[in-house]
Each structure stands twice: as C-alpha cells, then as structure tokens.
Amino acid sequence: MSQPRLVAGVDCSTQATKVVVCDADSGEVLREGRAPHPDGTQVDPAEWWKAWEIASDGLLDGVETISIGGQQHGMVLLDDTGEVVHPAVLWNDTSSADATVELVSELGGPSEWVAAIGSVPVPSFTVTKLRWVRRAAADAAARASAVVLPHDWLTHRLAADRRGIDGISTDRGDASGTGWWSPFTNDYRPDLVELAFGRSLQLPRVAGPAEIVGQTASGAALAAGTGDNMAAALGLNLQPGDVAVSLGTSGTAFARSATPTSDASGLVAGFADATGGYLPLVCTLNAARVLSATAELLGMDLETFNEAALTSSGSNGLVLLPYLDGERTPDLPHSTGLIYGLTRATMQPQTMARAAVEGLLCGLADAVDALRAQGLPVQRVLLLGGAARSRAVQALAPALLGAEVILPEPAEYVALGAARQAAWALSGADTPPTWQIPTGKPEPSTMTDAEAATVRALYSHVLTNTRPVLSTPYNR
C-alpha cells in the first residue's frame, strides 16, 4: 500500500497557531499541533514564529506542501531589510476608529469606498491602521518600507531564500481585506495607501490561488496561503446557498459568490475568496466571549449557563446588546454592552442567560440578513466555532437565523482549508480536491418563528433607539 502524500495547513489566528497535517487526497487529519499567542490587540510577530515552531514540532516529516491561513487585516510594517518596525496591529484593535472616520470622508464617503474596494472601511481594516500608526508612532512609520499581513509575514519567514522585503507574496483573499485592493479590477489601489500613510509602501505580490510561492529549508513547497475566513470557506467546502456562521472570538457570516458585492451601508465587506471567486462577509467583534463573560457574571460554568438559558421560558423583554469589546458591525467602535428591560421579574439568572444567547444570535441574524440583501440565497447555515457547541445556541439558532442549521463536525477549519489549498497547489489541478466534511443537525428548535420575530424586533428597536448613546466615545 502506497504512503499518502502529506500537506500541512496552518491557522495563525488571534489566539493561537494551529497546524494540521493531512492526506492530500482524502483530507484525513493525521497529525495536529497547537501553541498559544499572547493576549492583546498588538503583538510582536516573533511570537507567531515561536508558536509556529512549537505547534509544528515533530509534525512535518514527509510534508510536501505548506499553506498558511492568517488572521485578516493585521498590519505588519517592515523596514527595507525585512525587520519589523512596530508591533503588529491586529484586526480587533480599535485605536484607528477616528482615523476611519477621516478616511471615509476624505475619499468622498461610503459610496466612493465601495466603488474603489467593494467595502466601507471599519477600524479593523488595515488601511485605517496605517493612518493611525502614522500619527501614534511616527518614528516607526518613518522607518517603514513595506506593509504586509500576518499570513504574508509568516509565509515569507518560512521561505529558505528570503531576502529583506523582496519576494513577499499574498493572495487576493487576504489582500481584499486591506482597504487598498479592488475586487473589481483584481489589483491594488496604491493611491489609497498614500491617502492613509502619506507616502507609498511596497506591497506584496498577489499570487494565484494554487500557486507555489517558495520553499522551506527542508524542501517543502509553500502555497500562497490566504486569510482565515477564506481558508475556513475552503475547509468547509461551502456551496452556493450555504452561509457559514462562525462563533469564535469574533462572529462572522460569509458565503461564496461568483461576482463581487457592493454594500454602501458598510455591513457587508466585499472580500475575495481563495479560489478566484468572492466571499461577501459580515464580521462582529463579539461572539463566544459574550457567553463566557455572562456565565462568569452569573457565577456559572458554561454547562450550567446553557442549562439556565434552556430552562428559561424566554427573555421576557430583557435585551442584551453584546458590544462588550466595542463593535465592528454595526460600526460602533466606542460602544459598550447594554442591558435593557431590567425588572424584578427579569433580574433572574435564567433570564439573563437566555438574553445573552439571544443577543449573540440576533447580531449574527442581522449579519445573515445583510447577505440576503446582497442577493445571496440562504438555504443552509453552517454553524461552527466554539460557541456553536453550546446547546442553547443550537436550540435557538434555526428560528433566529431563519434557515436550516447544519453542524459541521468540530474541526480546525481554517487550518483544514489551508491544508486543502496546499493539496491543490501540490496537485496542479484546476480546482481544489474534494474532501468530505462530516456534519450533523441540532435538536429541534425550542423557539417558534413567532417568538423569534418578537425577540428580533425588540433587539432592533433597542439598538435603533440607543445608538446615539452607543456611538459616544468612552474611555475603556
């Protein structure tokens, strides 16, 4: 029996580096490793390299191709020798909130940005971080010669023949989250870099989806890599009519599209995917940690919290706007969480637990509706991420999201998608290999459609009428 050809996929996420080694033909995961990253919204990229070395230790024997899926938007500034001149500013750093308002206005408003890059920048976007660092760290900005993304930096760091900033590459999926790449022309808009930074910077070459961009010291080929959401779409093998709703550190809702989208409201980001198509996406800052933080407030472990939410007869008019870390969608970077509807009757642990689950899902339901408004069919919702394992989330999601819910088997889908890209690059085929993804279904929903409509209407009412307060700058 012949030995399988091996590929490795890497997820360099906000919280950790995860590595999976897979059979290139079947996608079977044969080896896995993981190492944590430091907490925070700015980090020295050297920490990613340390985590890579730990997570990949002992896993790579026989691996022929490696691909990296990296956290989107993170700004890594390099001098002309390739040295990092400032800590990487991650997607969840909202320091550039004021810079975002300036840049949107300076180009002529949201419609002009959508025409340029398919999206309206929010503080997560790399272009806003360029404007922020130009002022907040002028010395570092003055030394910068190039700007790259986390997956670009790690791929280049792995290359045996790297020389300074020469030869750094990215892919169209990750490039589409910078704020200076157009999904309409499949090319950079360097004028937008100059608008944000005051001068030009070297940008990575945009590689093809299945291109080999380098080789490691051990002889493994390096695939182009991509952004984490694009890798997750590959790992899930999303089909037309599917929407992935991921409940991790952030919440995301995304779907594949054959054509680019344009949403001047700013809710839907018009990203590209990792296959040559498009990946319209809505992202929230607050997801799984809404549940863990509420459970901690209530003095419960997560299992007890789930039981409390499920045994509640409903939230009874209690609404939790879950903007605990500010918010990206809707664009409320200065906001905090808000509880509405407190009475003696609703100030109960079960009701609070139920309101937290409903608040989390209402935010993602708005995201799914924003994709529908772009003309994308929503036939199935693939629910994944840490909070998708919550029994309370599974019970309420079908009614609140308004679609059949499918539960992919828990897996590292970003790393798995990166591995699938590596297998594609290894094969030289026109399309990625077909890997089967085991799925299941949640128990029947405990919420009726009428109850869901009432909950969503009240959530929308509270958000609309408290938005002026939520928009007020607040010193966190």
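**Briefing: helix packing, a mixed sheet and local features**

Helix α12 (residues 349–373) packs against helix α13 (residues 391–401) at an angle of about 40°, their axes 9 Å apart. This is a predicted model: local features need pLDDT of at least 70, side-chain atom pairs count only at pLDDT 80 or more, and totals for chains, interfaces and linings use all residues. Residues are numbered from 1 along each chain as its sequence is written, and side-chain values use heavy atoms, with hydrogens and water left out. Helices (H or I, at least four residues) and strands (E, at least two) are DSSP runs, numbered from the N terminus. Axes are lines fitted to C-alpha atoms, for helices over the stretch in contact, and angles run from 0 to 180 degrees between N-to-C directions.

**Helix pair α12 and α13**

- The two helices are therefore oblique to each other; angles under 35 degrees count as roughly parallel, over 145 as roughly antiparallel, 65 to 115 as roughly perpendicular and the rest as oblique.
- α12 passes α13 in a right-handed crossing (the near helix is turned clockwise from the far one by less than a right angle; anticlockwise is left-handed).
- On the α12 side, the contact (heavy atoms within 4.5 Å) is made by Arg354, Val357, Glu358, Leu360, Leu361, Cys362, Leu364, Ala365, Val368 and Arg372.
- α13 contributes Ala392, Val393, Leu396, Ala397, Leu400 and Leu401.
- By class, this contact of α12 with α13 has 13 nonpolar, no polar and three charged residues.
- Ala, Val, Leu, Ile, Met, Phe, Trp, Tyr, Cys and Pro count as nonpolar, Asp, Glu, Lys and Arg as charged, and the others, Gly among them, as polar.

**Helix pair α2 and α8**

- Helix α2 (residues 97–107) and helix α8 (residues 190–197) cross at roughly 130°, and their axes come within 11 Å.
- That angle makes α2 oblique to α8.
- The crossing of α2 past α8 is right-handed.
- Leu103, Glu106 and Leu107 of α2 meet Leu192, Leu195 and Ala196 of α8.
- This contact of α2 with α8 counts five nonpolar, no polar and one charged residues.

**The seven-stranded sheet**

- Seven strands form an open sheet with mixed pairing, in the order β18-β19-β17-β16-β22-β23-β24.
- β18 (269–272) and β24 (439–440) stand at the edges with a single partner strand each, so one side of each has no neighbour in the sheet.
- Two strands pair if DSSP finds at least two bridges between them.
- Strand β23 (residues 404–408) runs antiparallel to β24, joined by two bridges.
- Proline 408 stands opposite threonine 439 in β24.

**Aromatic pairs**

- Rings of Phe, Tyr and Trp (its six-membered ring) pair if their centres lie within 6.5 Å; planes under 30 degrees apart count as stacked, over 60 as edge-to-face and the rest as tilted.
- By this rule there are two aromatic pairs.
- Tryptophan 48 and tryptophan 153 have ring centres 6.1 Å apart and planes at 75°, so this pair is edge-to-face.
- The pair links distant parts of the chain, with tryptophan 48 in helix α1 (residues 46–56) and tryptophan 153 in helix α6 (residues 150–158), 105 residues apart.

**Local features**

- Alanine 288 is in helix α10 (residues 288–297).
- Leaving out residues up to four places away in sequence, alanine 288 touches Leu247, Gly248 and Ala387.
- The peptide bond from threonine 329 to proline 330 is cis, with omega near 0°.
- Proline 330 sits in the loop between β20 (319–321) and β21 (338–340).
- Asparagine 186 has a positive phi of about 55° although it is not a glycine.
- The place of asparagine 186 is the loop between β10 (181–182) and β11 (187–188).
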